[in-house]
Amino acid sequence: VMSNFDHVVYNSVMEFANHWHPQESSLEQPGGEVRIARESDAAGISRLLRTAEGSHVHVDWRLPVDWLGLPSFVVVPGPREESGGLISKFFSLPERLTACLAATADPLPAAWVRVAAVARSEETPGLLARMLDMVEPALRETAVSQLGWLVGQSWPNRWLPQLGFEMSNQIETYVKESFDLPPFQSPPDLCIRPARTSDFGQLAAMETAVFEPLWRLSGETLAIAQRDALCFDVAEWNGRLVGYQLSSSGPYSAHLVRLTIAKEAQGHGVGSALLAAAIRAYRRLGLRRVTLNTQVDNLTSQHLYQKFGFSATGEKLPIWTKTI
(Lines give C-alpha, C1' and ligand atoms only; values in the text may rest on other atoms or scores of the structure.)
Protein backbone atom coordinates (compact mmCIF):
# COMPACT_ATOMS: atom_id res chain seq x y z
CA VAL A 1 0.00 0.00 0.00
CA MET A 2 1.24 3.44 -0.78
CA SER A 3 1.52 6.33 1.63
CA ASN A 4 -0.71 9.35 1.77
CA PHE A 5 -0.57 12.43 -0.45
CA ASP A 6 -3.91 13.92 0.37
CA HIS A 7 -3.44 13.27 4.11
CA VAL A 8 -0.23 15.26 4.54
CA VAL A 9 -0.79 17.82 7.30
CA TYR A 10 0.78 20.95 5.91
CA ASN A 11 0.49 23.70 8.54
CA SER A 12 3.60 25.84 8.04
CA VAL A 13 4.53 28.66 5.69
CA MET A 14 3.09 26.84 2.70
CA GLU A 15 -0.52 25.74 2.57
CA PHE A 16 -1.67 22.80 0.54
CA ALA A 17 -3.50 24.21 -2.47
CA ASN A 18 -4.65 22.36 -5.54
CA HIS A 19 -7.15 24.18 -7.69
CA TRP A 20 -7.30 25.15 -11.34
CA HIS A 21 -9.86 26.28 -13.89
CA PRO A 22 -8.85 25.04 -17.36
CA GLN A 23 -8.65 27.38 -20.32
CA GLU A 24 -7.43 27.00 -23.86
CA SER A 25 -3.71 27.60 -24.18
CA SER A 26 -0.81 27.31 -26.56
CA LEU A 27 2.73 25.98 -26.23
CA GLU A 28 4.32 29.41 -25.90
CA GLN A 29 7.37 29.99 -23.71
CA PRO A 30 6.22 32.50 -21.06
CA GLY A 31 8.01 33.84 -18.02
CA GLY A 32 11.67 34.51 -17.26
CA GLU A 33 14.65 32.17 -17.21
CA VAL A 34 14.29 28.92 -15.29
CA ARG A 35 16.73 28.83 -12.37
CA ILE A 36 17.39 26.80 -9.21
CA ALA A 37 15.23 27.83 -6.26
CA ARG A 38 17.12 29.69 -3.53
CA GLU A 39 16.44 30.11 0.18
CA SER A 40 15.42 33.68 -0.55
CA ASP A 41 12.59 32.30 -2.73
CA ALA A 42 10.74 30.77 0.25
CA ALA A 43 8.26 33.63 0.60
CA GLY A 44 7.69 33.83 -3.15
CA ILE A 45 7.07 30.08 -3.40
CA SER A 46 4.66 30.26 -0.46
CA ARG A 47 2.69 33.02 -2.15
CA LEU A 48 2.73 31.20 -5.49
CA LEU A 49 1.35 28.01 -3.94
CA ARG A 50 -1.45 29.98 -2.30
CA THR A 51 -2.44 32.00 -5.35
CA ALA A 52 -1.53 29.96 -8.44
CA GLU A 53 -4.30 28.75 -10.72
CA GLY A 54 -2.63 25.32 -10.69
CA SER A 55 -0.63 24.05 -7.70
CA HIS A 56 0.43 20.68 -6.30
CA VAL A 57 2.11 19.58 -3.05
CA HIS A 58 3.16 15.99 -2.31
CA VAL A 59 5.76 16.28 0.41
CA ASP A 60 5.47 13.14 2.58
CA TRP A 61 6.14 14.64 6.04
CA ARG A 62 8.53 17.27 4.73
CA LEU A 63 8.17 20.89 3.62
CA PRO A 64 9.04 22.40 0.24
CA VAL A 65 11.64 24.59 1.94
CA ASP A 66 13.58 21.41 2.77
CA TRP A 67 14.59 21.10 -0.91
CA LEU A 68 15.53 24.71 -1.66
CA GLY A 69 18.94 24.85 -3.33
CA LEU A 70 18.72 21.43 -4.98
CA PRO A 71 19.22 21.39 -8.77
CA SER A 72 15.88 19.56 -9.08
CA PHE A 73 13.93 22.44 -7.48
CA VAL A 74 13.47 25.25 -9.98
CA VAL A 75 11.49 28.46 -10.28
CA VAL A 76 10.53 30.82 -13.08
CA PRO A 77 10.67 34.47 -12.00
CA GLY A 78 8.04 36.94 -13.08
CA PRO A 79 8.23 40.74 -13.18
CA ARG A 80 9.53 42.29 -9.97
CA GLU A 81 6.96 44.25 -8.04
CA GLU A 82 7.59 47.88 -7.24
CA SER A 83 6.31 49.57 -4.12
CA GLY A 84 6.07 53.29 -3.63
CA GLY A 85 6.41 55.51 -0.58
CA LEU A 86 8.36 54.81 2.56
CA ILE A 87 7.94 51.02 2.24
CA SER A 88 10.13 50.92 -0.86
CA LYS A 89 12.89 52.80 0.97
CA PHE A 90 13.22 50.29 3.77
CA PHE A 91 11.93 46.98 2.43
CA SER A 92 12.43 45.03 -0.78
CA LEU A 93 9.46 42.93 -1.81
CA PRO A 94 10.13 39.27 -2.61
CA GLU A 95 10.53 38.43 -6.25
CA ARG A 96 7.22 37.41 -7.79
CA LEU A 97 7.41 33.89 -9.22
CA THR A 98 5.49 32.67 -12.24
CA ALA A 99 6.07 28.94 -11.68
CA CYS A 100 7.98 26.39 -9.62
CA LEU A 101 8.66 22.66 -9.72
CA ALA A 102 10.53 20.32 -7.39
CA ALA A 103 11.21 16.60 -7.86
CA THR A 104 13.14 14.50 -5.37
CA ALA A 105 13.98 10.85 -4.78
CA ASP A 106 13.76 9.14 -1.42
CA PRO A 107 15.05 6.55 -1.99
CA LEU A 108 16.68 6.16 -5.39
CA PRO A 109 16.18 5.27 -8.21
CA ALA A 110 12.67 6.80 -8.46
CA ALA A 111 11.56 10.36 -7.76
CA TRP A 112 8.21 12.11 -7.29
CA VAL A 113 7.12 15.54 -8.37
CA ARG A 114 6.86 17.06 -4.90
CA VAL A 115 5.87 20.64 -5.64
CA ALA A 116 4.53 22.27 -8.78
CA ALA A 117 2.70 25.53 -9.42
CA VAL A 118 1.89 27.74 -12.38
CA ALA A 119 0.46 31.18 -11.73
CA ARG A 120 -1.70 31.42 -14.86
CA SER A 121 -3.39 28.43 -16.46
CA GLU A 122 -2.78 29.55 -20.02
CA GLU A 123 0.99 29.29 -19.41
CA THR A 124 0.88 25.77 -17.95
CA PRO A 125 2.22 23.61 -20.83
CA GLY A 126 5.14 25.85 -21.77
CA LEU A 127 6.27 26.44 -18.19
CA LEU A 128 6.01 22.79 -17.16
CA ALA A 129 8.02 21.76 -20.24
CA ARG A 130 10.77 24.29 -19.52
CA MET A 131 11.04 23.37 -15.85
CA LEU A 132 11.14 19.63 -16.56
CA ASP A 133 13.84 20.23 -19.19
CA MET A 134 16.03 21.60 -16.39
CA VAL A 135 14.99 19.20 -13.62
CA GLU A 136 15.28 15.89 -15.47
CA PRO A 137 19.04 16.12 -16.26
CA ALA A 138 19.66 16.98 -12.60
CA LEU A 139 17.73 13.89 -11.55
CA ARG A 140 19.60 11.67 -14.02
CA GLU A 141 22.90 12.87 -12.57
CA THR A 142 21.80 11.45 -9.20
CA ALA A 143 20.87 8.07 -10.77
CA VAL A 144 17.10 8.68 -10.88
CA SER A 145 15.55 6.66 -13.70
CA GLN A 146 11.82 7.16 -13.12
CA LEU A 147 9.72 10.21 -12.27
CA GLY A 148 6.21 9.90 -10.84
CA TRP A 149 3.40 12.42 -10.40
CA LEU A 150 0.47 11.62 -8.10
CA VAL A 151 -2.20 14.03 -9.34
CA GLY A 152 -4.64 15.21 -6.68
CA GLN A 153 -6.57 17.55 -8.96
CA SER A 154 -7.01 17.54 -12.69
CA TRP A 155 -5.02 20.59 -13.75
CA PRO A 156 -1.86 18.77 -15.01
CA ASN A 157 -3.64 15.79 -16.60
CA ARG A 158 -4.26 17.50 -19.92
CA TRP A 159 -0.59 18.22 -20.49
CA LEU A 160 1.26 15.27 -18.95
CA PRO A 161 1.07 13.02 -22.04
CA GLN A 162 2.69 15.80 -24.11
CA LEU A 163 5.45 15.95 -21.50
CA GLY A 164 6.26 12.24 -21.83
CA PHE A 165 4.23 10.89 -18.88
CA GLU A 166 2.01 7.82 -19.07
CA MET A 167 -0.78 6.94 -16.65
CA SER A 168 0.56 3.80 -15.00
CA ASN A 169 -1.82 3.22 -12.09
CA GLN A 170 -4.41 4.75 -9.77
CA ILE A 171 -4.79 4.82 -6.03
CA GLU A 172 -8.22 4.48 -4.45
CA THR A 173 -9.39 5.59 -1.01
CA TYR A 174 -11.04 3.08 1.34
CA VAL A 175 -12.91 3.95 4.53
CA LYS A 176 -14.07 2.10 7.66
CA GLU A 177 -16.68 3.79 9.83
CA SER A 178 -16.54 1.42 12.81
CA PHE A 179 -13.74 -0.26 14.71
CA ASP A 180 -15.12 -3.76 15.04
CA LEU A 181 -12.73 -6.59 14.15
CA PRO A 182 -13.40 -9.76 12.16
CA PRO A 183 -12.18 -13.17 13.32
CA PHE A 184 -8.54 -13.73 12.37
CA GLN A 185 -5.62 -15.85 13.47
CA SER A 186 -2.16 -14.47 14.22
CA PRO A 187 0.97 -16.54 13.67
CA PRO A 188 2.24 -18.22 16.84
CA ASP A 189 4.83 -16.18 18.72
CA LEU A 190 4.17 -13.03 16.68
CA CYS A 191 5.02 -9.89 18.65
CA ILE A 192 3.54 -6.47 17.80
CA ARG A 193 5.45 -3.58 19.39
CA PRO A 194 6.10 0.13 18.79
CA ALA A 195 8.75 0.90 16.18
CA ARG A 196 12.22 1.95 17.35
CA THR A 197 14.84 4.06 15.66
CA SER A 198 17.03 0.97 15.36
CA ASP A 199 14.34 -0.70 13.21
CA PHE A 200 14.42 1.77 10.34
CA GLY A 201 17.29 0.22 8.42
CA GLN A 202 15.59 -3.19 8.40
CA LEU A 203 12.24 -1.64 7.46
CA ALA A 204 13.85 0.21 4.55
CA ALA A 205 15.40 -3.06 3.35
CA MET A 206 11.94 -4.65 3.57
CA GLU A 207 10.54 -1.81 1.45
CA THR A 208 13.18 -2.48 -1.20
CA ALA A 209 12.39 -6.19 -1.26
CA VAL A 210 8.59 -5.76 -1.39
CA PHE A 211 7.92 -2.71 -3.59
CA GLU A 212 8.86 -1.37 -6.98
CA PRO A 213 11.20 1.66 -6.73
CA LEU A 214 8.50 4.32 -7.06
CA TRP A 215 6.64 3.07 -3.97
CA ARG A 216 9.49 2.59 -1.53
CA LEU A 217 10.13 4.58 1.64
CA SER A 218 13.64 5.18 2.96
CA GLY A 219 14.79 4.81 6.53
CA GLU A 220 15.18 8.59 6.69
CA THR A 221 11.56 9.11 5.64
CA LEU A 222 10.35 6.60 8.22
CA ALA A 223 12.31 8.42 10.93
CA ILE A 224 10.69 11.72 9.95
CA ALA A 225 7.24 10.11 9.77
CA GLN A 226 7.62 8.67 13.26
CA ARG A 227 7.66 12.18 14.77
CA ASP A 228 4.07 12.86 13.70
CA ALA A 229 2.69 9.33 13.63
CA LEU A 230 -0.51 8.45 15.43
CA CYS A 231 0.86 4.94 15.91
CA PHE A 232 3.79 3.10 14.35
CA ASP A 233 4.10 -0.62 15.07
CA VAL A 234 6.35 -3.41 13.85
CA ALA A 235 5.76 -7.16 13.80
CA GLU A 236 8.50 -9.50 15.05
CA TRP A 237 8.30 -13.19 14.28
CA ASN A 238 10.92 -15.75 15.19
CA GLY A 239 13.34 -12.93 16.01
CA ARG A 240 12.91 -11.10 12.70
CA LEU A 241 11.03 -8.00 11.64
CA VAL A 242 8.36 -9.14 9.17
CA GLY A 243 6.10 -6.10 8.83
CA TYR A 244 4.96 -2.72 10.07
CA GLN A 245 2.04 -0.30 10.06
CA LEU A 246 2.24 3.48 10.17
CA SER A 247 -0.83 5.64 10.87
CA SER A 248 -1.48 9.37 11.00
CA SER A 249 -4.37 11.32 12.48
CA GLY A 250 -6.92 13.86 11.30
CA PRO A 251 -9.99 15.42 12.92
CA TYR A 252 -11.81 12.52 14.63
CA SER A 253 -10.23 10.05 12.20
CA ALA A 254 -7.14 7.99 11.49
CA HIS A 255 -5.37 7.35 8.21
CA LEU A 256 -3.48 4.10 7.64
CA VAL A 257 -0.49 5.48 5.78
CA ARG A 258 1.44 2.26 5.32
CA LEU A 259 1.08 -1.48 5.85
CA THR A 260 4.10 -3.43 4.63
CA ILE A 261 4.61 -7.17 5.07
CA ALA A 262 7.84 -9.01 4.23
CA LYS A 263 7.46 -11.39 1.30
CA GLU A 264 8.27 -14.49 3.34
CA ALA A 265 5.59 -13.57 5.91
CA GLN A 266 2.76 -12.80 3.51
CA GLY A 267 -0.23 -15.10 3.75
CA HIS A 268 0.44 -16.03 7.40
CA GLY A 269 -1.78 -13.51 9.17
CA VAL A 270 0.86 -10.86 9.89
CA GLY A 271 -1.05 -8.19 7.99
CA SER A 272 -4.24 -9.01 9.90
CA ALA A 273 -2.43 -8.80 13.24
CA LEU A 274 -0.87 -5.42 12.42
CA LEU A 275 -4.13 -4.00 11.07
CA ALA A 276 -6.01 -5.21 14.16
CA ALA A 277 -3.40 -3.61 16.44
CA ALA A 278 -3.80 -0.30 14.58
CA ILE A 279 -7.60 -0.40 14.81
CA ARG A 280 -7.44 -1.10 18.55
CA ALA A 281 -5.18 1.94 18.93
CA TYR A 282 -7.66 4.12 17.00
CA ARG A 283 -10.44 2.90 19.28
CA ARG A 284 -8.46 3.67 22.45
CA LEU A 285 -7.89 7.20 21.18
CA GLY A 286 -11.59 7.79 20.66
CA LEU A 287 -11.42 8.16 16.88
CA ARG A 288 -14.47 7.49 14.73
CA ARG A 289 -13.27 6.37 11.32
CA VAL A 290 -10.17 5.32 9.39
CA THR A 291 -9.17 5.81 5.77
CA LEU A 292 -6.41 4.39 3.62
CA ASN A 293 -5.17 4.48 0.03
CA THR A 294 -4.19 1.48 -2.07
CA GLN A 295 -3.37 0.86 -5.71
CA VAL A 296 -6.32 -0.31 -7.76
CA ASP A 297 -4.34 -3.34 -8.96
CA ASN A 298 -3.27 -4.43 -5.46
CA LEU A 299 -5.91 -7.12 -5.08
CA THR A 300 -4.20 -8.81 -2.13
CA SER A 301 -4.35 -5.66 -0.02
CA GLN A 302 -7.91 -4.93 -1.09
CA HIS A 303 -8.97 -8.41 0.05
CA LEU A 304 -7.46 -7.79 3.49
CA TYR A 305 -9.10 -4.39 3.86
CA GLN A 306 -12.50 -5.66 2.76
CA LYS A 307 -12.20 -8.51 5.27
CA PHE A 308 -11.75 -5.85 7.98
CA GLY A 309 -14.79 -3.89 6.87
CA PHE A 310 -13.23 -1.23 4.67
CA SER A 311 -15.24 -0.03 1.66
CA ALA A 312 -13.96 1.61 -1.51
CA THR A 313 -15.12 5.21 -1.80
CA GLY A 314 -14.71 5.41 -5.56
CA GLU A 315 -12.30 8.32 -5.12
CA LYS A 316 -9.31 7.57 -7.34
CA LEU A 317 -6.16 9.55 -8.07
CA PRO A 318 -4.06 8.85 -11.19
CA ILE A 319 -0.39 7.94 -11.06
CA TRP A 320 1.60 9.31 -14.00
CA THR A 321 5.15 8.08 -14.61
CA LYS A 322 7.96 8.96 -16.97
CA THR A 323 11.22 7.17 -17.71
CA ILE A 324 14.07 9.65 -17.57
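The following questions and answers walk through a predicted model, in which local features need pLDDT of at least 70, side-chain atom pairs count only at pLDDT 80 or more, and totals for chains, interfaces and linings use all residues. Residues are numbered from 1 along each chain as its sequence is written, and side-chain values use heavy atoms, with hydrogens and water left out.

Visitor: Where does Ala 37 lie, and is Ala 37 buried or exposed?
Guide: Helices (H or I, at least four residues) and strands (E, at least two) are DSSP runs, numbered from the N terminus. Ala 37 sits in the loop between strand E1 (35–36) and helix H1 (42–51). Buried means under 20% relative accessible area, exposed over 50% and partly exposed in between, with a 1.4 Å probe and protein chains only. Because its relative accessibility is 1%, Ala 37 counts as buried.

Visitor: Which residues is Ala 37 in contact with, leaving aside its neighbours within four places in sequence?
Guide: Contact means heavy atoms within 4.5 Å. With those sequence neighbours left aside, the partners of Ala 37 are Ile 45, Leu 68, Gly 69, Phe 73, Val 74 and Val 75.

Visitor: How many bridges join strand E7 to E13?
Guide: Two strands pair if DSSP finds at least two bridges between them. Strand E6 (residues 146–150) is antiparallel to strand E13 (residues 311–323), with five bridges. Strand E7 (residues 166–176) also runs antiparallel to E13, and the bridges joining them number eight.

Visitor: What is the bridge partner of Met 167 in E13?
Guide: Trp 149 has Trp 320 as its bridge partner in E13. For Met 167, the bridge partner in E13 is Trp 320.

Visitor: What should helix H6 span, and how far apart are its end C-alpha atoms?
Guide: The expected span of a helix is 1.5 Å times one less than its number of residues. H6 (residues 270–284) has 15 residues, so it should span 21 Å. This agrees with the separation of its end C-alpha atoms, which is 21 Å.

Visitor: Why is H6 described as largely enclosed, and how many of its residues are buried?
Guide: The buried residues of H6 include Val 270, Leu 274, Ile 279 and Tyr 282. H6 is largely enclosed by the rest of the structure because, of its 15 residues, the number buried is twelve.

Visitor: Which residue just after H6 takes a positive phi?
Guide: The helix itself covers residues 270–284. Just after H6, a positive phi of about 75 degrees is taken by Gly 286.

Visitor: What covers the buried residues of H5?
Guide: In helix H5 (residues 219–228), the buried residues are Gly 219, Thr 221, Leu 222, Ile 224 and Ala 225. Their cover includes helix H4 (200–210), strand E9 (231–237) and strand E10 (240–250).

Visitor: Which residue meets Arg 35 in a salt bridge of 2.8 Å?
Guide: A salt bridge is a side-chain nitrogen of Lys or Arg within 4 Å of a carboxyl oxygen of Asp or Glu, and the structure holds 13 of them. At 2.8 Å, N to O, the side chain of Arg 35 meets that of Glu 95. A network of salt bridges links Arg 35, Asp 41 and Glu 95, and the 2.8 Å partner of Arg 35 is Glu 95.

Visitor: How far apart in sequence are the parts tied together by Asp 106 and Arg 62?
Guide: The side chains of Asp 106 and Arg 62 form a salt bridge of 2.9 Å, N to O. Asp 106 is in the loop between E4 and strand E5 (110–118), and Arg 62 in the loop between strand E2 (54–57) and strand E3 (73–77), so the parts tied together are 44 residues apart.

Visitor: Is Glu 264 buried or partly exposed?
Guide: Glu 264 forms a salt bridge with Arg 240, with closest N and O atoms 3.0 Å apart. Its relative accessible area is 43%, so Glu 264 is partly exposed.
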